[in-house]
Amino acid sequence: MSLPDTPIPALLSAPDSPCVDSLMPSPNFGPRRAKVDMLVLHYTGMASADAAIDLLRTPSSEVSCHYVVREDGRVVQMVAEAARAWHAGRSSWEGVSDTNSRSIGIEIVNGGHDFGLPDFPAVQIAAVIALCADILTRQAIRADRVLAHSDVAPGRKRDPGENFPWGALHAAGIGHLVPPSRVEGGRFFMLGDAGEPVAALKAMLALYGYGIDLTDAYDTETADVIAAFQRHFRPAKVDGVADAATILTLRDLIATRPGEEPAVT
């Protein structure tokens, strides 16, 4: 449910989480217009942590996040959770845009695709897990709404990438995941295909939450959404082609998706 604009919180002065090692306030934030119900994970995609943090604190960049997790596991908070950080950009999930108003954004220091998809150090992932777990004790966020930036902005963003260990987070009780189906043969759909089966596939993607036009054409948007899905849920092969393993993994995710939390009376 949308909320009226609230007064813009003051510049960050105290940490929201005991996981925070330091405060480096960013001026790039505003008031939320909705309750927090999403957690969005990113990689920084830059050469260094310091370069990323400098950008996130530069007013002219018009970007920010709530938290940055360095390679050595140190956590920096930049924006108060009560405020709307500017991390997701043009995005949507479950038919709702303005992801920034609904989400907490965590930037994980990693060079990403432009720097060869380096591995995420174990100490860094342990810190991400601890931070996410702490956030989930304070914020009402369903498991299936712990998402990648690429999930909410497919085609525009690829982070945190296919090397990000979503399985480690899920094993710690964070996020929604199923064992991915094996990449094997079988019927598949790809760019240029059209018809009722393609329309059914796109309806399944939209049912899970992806923003996609419900036509019967396997167009560039469809390939982008499938690639985003694969990065998060079936990373063994990221090619934008809806093979049998991709479709079966999507089916299993929908079947096991958490329900809405009961209303508190």
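With which residue does Glu162 form a salt bridge? In this predicted model, local features need pLDDT of at least 70 and side-chain atom pairs count only at pLDDT 80 or more, while totals for chains, interfaces and linings use all residues. Residues are numbered from 1 along each chain as its sequence is written, and side-chain values use heavy atoms, with hydrogens and water left out.

The protein is divided into domain 1 (22-172) and domain 2 (193-256), with bounds from an automatic or database domain assignment. Their centres, taken over C-alpha atoms, are 24 Å apart. Contact (heavy atoms within 4.5 Å) links 16 residues of domain 1 with 12 residues of domain 2. About 1100 Å² is buried between the domains, and carbon and sulfur atoms give 58% of this; buried area is the accessible area (1.4 Å probe) that two parts lose on being put together, summed over both. On the domain 1 side, Trp93, Asp151 and Glu162 lose the most area to domain 2, together 40% of what that side buries.

One salt bridge is counted between the domains, the term denoting a side-chain nitrogen of Lys or Arg within 4 Å of a carboxyl oxygen of Asp or Glu. Glu162 forms a salt bridge with Arg231, with 3.0 Å between the closest N and O atoms.

The largest nonpolar core has 50 residues. Such a core is a set of buried Ala, Val, Leu, Ile, Met, Phe, Trp, Tyr and Cys residues joined through side-chain atoms within 4.5 Å, where buried means under 20% relative accessible area (1.4 Å probe, protein chains only). Among the members touching the most others are Leu41, Phe164 and Leu169.
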